[in-house]
Amino acid sequence: MKNIFFLTLIALGALTACESDSQKEEKVSTDLINNPSTAAEGEDESGEELPAFEFEEEVIDFGEISQGEKVARQYTFTNTGKSNLIIANAKGSCGCTVPRYPKQPIKPGQKGVIEVVFDSNGKEGRIHKTITLLANTVPNRKVLAIKGEVLVPTKN
């Protein structure tokens with residue numbers, strides 16, 4: 001009887017302790033970047049113009065690389081809005097694409113850089129990976145891309 005009780009208790013604990021990734025993602029707070037304005041309005045409630053990204057390139061083609069190489073590329077942008085641009089998060093489409101982004105606010109007219117490192121280990125052929133930025137802009141998501149071709153070395 002005690003064994004059944006303990007097994008039930010352990011199963012109940014395991015079920016309540018495990019959360020799927022989608023459940024965890026729903027708990028992420030985006031209060032800082034949720035904008036009440038629409039893109040058509042272009043202004044927030046105080047009448048101050050919102051921040052905006054202007055990237056030099058949104059898609060970077062790194063060309064051909066050998067399997068196992070890592071390539072680093074930079075996306076340079078300017079805040080073309082009238083208020084500070086805050087990037088809350090940057091996420092690659094897979095673990096092989098790792099972005100680094102400025103944690104401090106980007107002032108109007110100031111440039112910023114998103115650095116992305118792509119690891120081609122285990123990859124082959126044409127690749128197309130994305131980097132999704134979450135910021136206080138309208139819309140609040142910006143998608144960048146990196147593409148190229150990973151060549152597999154031939155064995156003699």
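Predicted model: local features only at pLDDT ≥ 70, side-chain atom pairs only at ≥ 80, totals over all residues.
Residues are numbered from 1 along each chain as its sequence is written, and side-chain values use heavy atoms, leaving out hydrogens and water.

A search of the whole structure turns up four aromatic pairs (Phe, Tyr or Trp rings, the six-membered one for Trp, with centres within 6.5 Å). The F62 and F118 rings have centres 5.5 Å apart and planes at 25°, so they count as stacked (under 30 degrees). This pair links distant parts of the chain, with F62 in strand β2 and F118 in strand β6, 56 residues apart. Strands here are DSSP runs of E, at least two residues long, numbered from the N terminus. Ring pairs also tie F53, F55 and F77 into a cluster.

## The core

The largest nonpolar core has 24 residues, and Y75, I114 and F118 have the most contacts inside it. Such a core is a set of buried Ala, Val, Leu, Ile, Met, Phe, Trp, Tyr and Cys residues joined through side-chain atoms within 4.5 Å. Its largest share, four residues, comes from β7.

## Around β6

Strand β6 runs antiparallel to β3, joined by nine bridges, and A72 stands opposite V117 in β6. Four bridges join β5 (residues 97–100) to β6, also antiparallel, with P99 opposite V116. Strands pair if DSSP finds at least two bridges between them.

How values were computed:
Buried < 20%, exposed > 50% of the residue type's maximum accessible area, 1.4 Å probe, protein only. Phe/Tyr/Trp six-rings, centres within 6.5 Å; stacked < 30°, edge-to-face > 60°.
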